[in-house]
Amino acid sequence: QRRVGSNGYMSDNDFCEKVYTCDVDADMTMTAEANHYYGTDQRNPFPPPLQCYPRSVDEPYTGYFDPRDGGSVEISRTRAVPSSIGRTDVEGCCWWGRGALHTKGTCSMGKFNYYFGAKAAQDGRSSRYTAVNFCANPQAVCSSNNPQSKEMRWMLALFDWVDRVQHYNGNDSGGDGGWNYIEQSVHFLENFRKSNFIDMDNNHFIDEVGSVLDQGCPSAPCDLSNPSRVHKAQTRKGNYVSAAKAIGLPVKSPALRAMETQLDAYKKGIDDVLMQSTSPVDGSSRNSYRYRYFDFIQALGLMVDVGVEKSYFYIGQDYQPTRTEVATMTDLKSGIFNVALFLTQAIVNSIREDACDEHNTQIVNGRHPVSNSCGQYGISYQDLVCTDGNDNGKECPLDLSMSLTAVTKALDHRAPRQFQCAPQSQLPYSGFWDVDNMEENTNTAFANQLGRTNVEGCCWWGRGIFRHINRGRCFFGRLDHAVGKRAAMNGRPSLYPDTDFCANPEAVCSSEDSDELQWIVGMFHWIDAVQSYNEDGWSFMDKLKELPAGDVADIRFNKMLIAVDCIMKTGNHRCEVGIDSIDTLVEVLEVFGDKYEQVALNAPTLSPTLTARPSASPTNFPTVTPTLEPTGSPTSSSAPTASPNIFDYPSTENINAVVADIQRNSQTFISTVFPAGSTGELFSFNGFAEVLFDIASGSVEGKYFYVGHGRTTNRNLRKRGMVNIAAFLAHAKTNGFQNNNCDERNVDFLMPDETTRKYPLSNSCGQYGDSYQDERCGVSESFMECAPDKNMLVSAVPGTDDTSYKNPPAFFCGPKAYFPFMGYFEAGTFAIINDEPFSNRAGRTNIESCCWWGRGSAQVKGVCMYGKLNYYIGARAKEEGRKSMFPDIDFCKRPQEICSGKHSTRLTWASGMVNWIENIQSNFDYGDYLDRIVSGEIERADFISYVSDKLDGGRNKKERLINFNLIIESLAISIN
């Protein structure tokens with residue numbers, strides 16, 4: 001408050017309307033709420049709580065707090081001790097800061113009273129706190145005696161933020177350069193999205209917001225007669241980093257940004273030299289399919305800046321002595337060596353074999369027992385429980401009903417099948433791998449070294465980049481406790497709050513996060529077992545910092561490698577089984593070079609100009625409708641002015657209305673259309689609704705999924721869009737998502753002897769006479785298609801239900817060097833017969849270049865469609881300067897990303913919708929068929945017959961019509 005003249009008070013803000021401001025009552029007496037800072041500990045004394053009360057004859061002046069005198073409060077009656085603005089009393093001074101933002105002053109509190117307090121109720125307006133007059137009792141916001149205080153502290157702060165920050169809109173003549181909060185926040189977020197970095201040293205948006213909040217303009221000091229800086233500006237930026245991390249924004253610390261810049265300089269060498277797998281057949285090398293630079297960097301970022309239980313992967317960083325712990329780079333050389341040692345172990349353990357799951361390697365009595373999944377080399381994995389210190393009791397419970405199958409196996413076609421576990425009710429006993437016939441022999445039970453002849457409860461084999469070490473119930477229990485569902489359920493931070501590693505340890509190798517997770521579990525182990533190691537006078541961190549730069553021949557490197565290998569295998573730096581992987585470390589350090597001077601950081605580019613400037617001072621912020629749509633739609637191309645094809649521009653007016661229509665019928669719709677329990681699986685309603693909104697809005701440059709056009713009040717135009725959606729979903733349901741099948745299944749059998757069904761393993765090349773690698777684009781679009789890669793090695797996701805063993809194995813592809821020929825799966829005996837070549841309908845007996853089977857909701861297949869996915873929504877779109885939904889995915893090199901990548905829940909739908917746009921909406925007469933079915937000129941069967949002929953030659957016409965009818969009814973669409 002501020003005194004004006006000699007007999008009155010007015011607002012602290014000259015521009016606060018009189019209708020809002022509180023009158024200052026000179027007789028008001030009030031004491032701020034005490035908190036833990038105002039203790040009695042005289043070693044660290046604090047000032048007493050703020051007070052206000054009228055002057056009196058006995059006490060005309062207030063005193064002062066003297067921390068030098070044991071924190072005593074002195075009341076001076078002989079002289080005045082003025083504040084920085086000259087006040088020597090506290091009469092009428094009851095407007096100190098309160099709430100989460102310490103909102104202060106008669107204006108702000110008056111506004112809060114006007115909109116939320118007694119003033120609103122007195123004027124007949126809606127009021128949140130009808131009985132509270134914040135002008136008479138501002139302390140109600142903080143009072144411990146007020147049960148509503150906890151809410152008020154946030155309510156006042158949020159209101160103050162909306163009023164003074166969100167609505168801030170300057171002008172060029174006002175000295176702030178026309179600074180507009182909405183516009184500046186968009187610019188800031190655009191830059192942040194590119195760099196994921198908050199500059200802690202220079203002024204930027206966070207400082208400007210603090211200045212607006214504290215001083216009323218974006219460029220402090222705002223009052224040149226009494227200049228001051230923004231209070232705790234550096235701390236605010238640090239707090240922003242912490243808050244952004246807490247809500248899942250990928251903020252990068254200065255240390256991580258420095259290391260990423262360093263590693264980016266080595267990217268080509270890392271990909272071409274280090275991320276290489278080796279064929280056990282002929283020793284040839286190729287790029288790893290599972291392990292890639294991008295995923296490694298993503299995982300490293302999480303473990304450096306987010307960490308696990310306040311422990312972090314070391315890259316040479318140190319933490320500023322603040323509560324926000326912003327990591328800065330202090331020892332790049334040691335950081336590089338730590339990364340190099342980690343990658344050395346990763347190459348030796350998994351990258352060379354391109355494996356995520358532990359493989360069946362132990363021979364017992366001349367055979368590979370299937371029950372090796374229970375444990376190899378004398379170790380029982382299910383008996384590895386936690387008994388050490390703070391980890392005691394963290395192991396996963398033993399669930400004998402679990403049934404899982406590993407994803408990876410050795411890169412030799414003669415090698416044993418993937419590990420599996422299953423209850424005895426499903427697999428009463430387990431046999432061995434018959435190398436001669438390349439099949440599992442299940443005629444008799446065959447024991448592993450520990451005598452196990454079944455695989456019940458044997459789901460705890462090793463997984464991830466250190467798959468030979470990260471195994472057992474204790475490890476996966478600790479993992480779940482640290483980064484999984486158990487952490488989230490216990491109220492602790494969790495990187496993967498929806499992943500239960502105890503219920504599904506295979507999530508490490510086969511889930512939407514597995515590309516990242518296979519690195520994360522290794523880094524988790526490295527942090528916990530290696531970086532923290534300090535026993536018997538041997539400290540890993542001390543030894544790391546002693547390693548000399550530029551001299552890998554120094555004996556200290558050899559000793560370090562052996563010690564690390566021992567720590568990883570036995571938990572002690574001294575052992576008899578430590579391996580000196582110096583050749584691999586030399587490879588790594590040759591890629592990294594011998595100079596460890598920090599590469600210069602590239603400054604983030606300027607953010608693009610806004611396509612539409614927001615209104616000067618918006619009074620209302622848009623709500624999101626429906627709840628499942630994204631918070632902002634991508635920028636879309638303008639609709640052409642000539643009479644265009646209705647499928648060639650976005651149906652902007654209809655998107656919200658159509659998705660809202662679907663939501664209104666969502667319960668019936670979900671239960672009818674989607675697989676039971678699919679809300680969290682690959683084919684979920686949420687995933688469908690989000691991708692529909694994106695692609696209908698224009699996320700794919702020049703391509704739009706049709707949801708209607710023109711005015712939303714035109715029922716027939718709206719109905720056309722709904723019918724298009726229903727037809728697409730009928731196709732998707734027909735093609736497999738009703739059974740949660742993402743990868744195409746082997747269903748085309750031959751009966752050469754007219755008695756037994758035989759399913760060619762080469763059906764991955766194409767079924768029913770088709771050859772997927774020969775499904776080429778037309779001449780005008782041939783530049784889009786993928787080039788078949790003879791060295792590509794890909795496996796579909798295997799089935800995991802109780803009857804999966806009764807069906808043909810999941811599709812896979814690989815070079816003839818690994819798989820010279822393929823046999824068949826025999827129905828009835830459930831056996832894989834692989835002793836001689838067996839051709840599919842197209843005559844194929846091998847699976848080289850046969851990686852283009854159907855995937856996703858619409859079972860996209862063939863080199864043309866995968867090339868189009870890459871061209872429109874993948875890495876090629878980004879490389880050529882177009883919008884891209886998945887800029888980091890090259891569908892020509894990684895087609896399996898659709899079904900077993902980190903973006904699978906969106907890709908299953910996105911791939912299907914792009915396929916629909918290309919193969920259905922692109923037909924010149926499809927619009928006429930939509931018109932005719934909506935107007936009643938043709939029946940549903942005629943419409944689906946047309947669609948089916950375009951999609952698969954009418955092969956699944958009957959099932960597609962049944963599904964179309966179900967969906968039409970569930971959406972309450974009225975057509976013939």
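This is a predicted model: local features need pLDDT of at least 70, side-chain atom pairs count only at pLDDT 80 or more; totals for chains, interfaces and linings use all residues.

Colleague: What makes the pair Cys217 and Cys222 a disulfide?

Modeller: The sulfur atoms of Cys217 and Cys222 lie 1.9 Å apart, and a disulfide requires sulfur atoms within 2.5 Å. The pair therefore qualifies.

Colleague: Why is this disulfide of Cys217 and Cys222 called left-handed?

Modeller: The torsion about its S-S bond is about -90 degrees, so the disulfide is left-handed.

Colleague: Why do Cys217 and Cys222 carry separate accessibility labels?

Modeller: Buried means under 20% relative accessible area, and partly exposed lies between that and 50%. Cys217 has 16% and therefore counts as buried; Cys222 has 29% and is therefore partly exposed.

Colleague: What does the disulfide of Cys786 and Cys892 tie together?

Modeller: The sulfur atoms of Cys786 and Cys892 are 2.0 Å apart. Cys786 lies in the loop between β18 and β19, and Cys892 in the loop between α22 and α23, so the pair ties together parts that are 106 residues apart in sequence. With relative accessible areas of 2% for Cys786 and 17% for Cys892, both residues are buried.

Colleague: Why is α21 described as largely enclosed by the rest of the structure?

Modeller: Of the 12 residues of α21, 12 are buried, so the helix is largely enclosed. Its buried residues pack against α22, α23 and α24. As for its length, α21 spans 17 Å from first to last C-alpha, close to the expected 16 Å.

Colleague: What leaves one side of β11 and of β15 without a neighbour in the sheet?

Modeller: The open sheet has three strands in the order β11-β14-β15, with antiparallel pairing. Strands β11 and β15 stand at the edges and have a single partner strand each, so one side of each lacks a neighbour.

Colleague: How do you know that β14 and β15 pair?

Modeller: Pairing needs at least two bridges, and β14 and β15 share three, in the antiparallel sense. The pair therefore meets the criterion. Within this pairing, Phe432 stands opposite Asn441 in β15.

How values were computed. Residues are numbered from 1 along each chain as its sequence is written. Side-chain values use heavy atoms; hydrogens and water are left out. Helices (H or I, at least four residues) and strands (E, at least two) are DSSP runs, numbered from the N terminus. The expected span of a helix is 1.5 Å times one less than its number of residues. Buried means under 20% relative accessible area, exposed over 50%, partly exposed in between (1.4 Å probe, protein chains only). Contact means heavy atoms within 4.5 Å.
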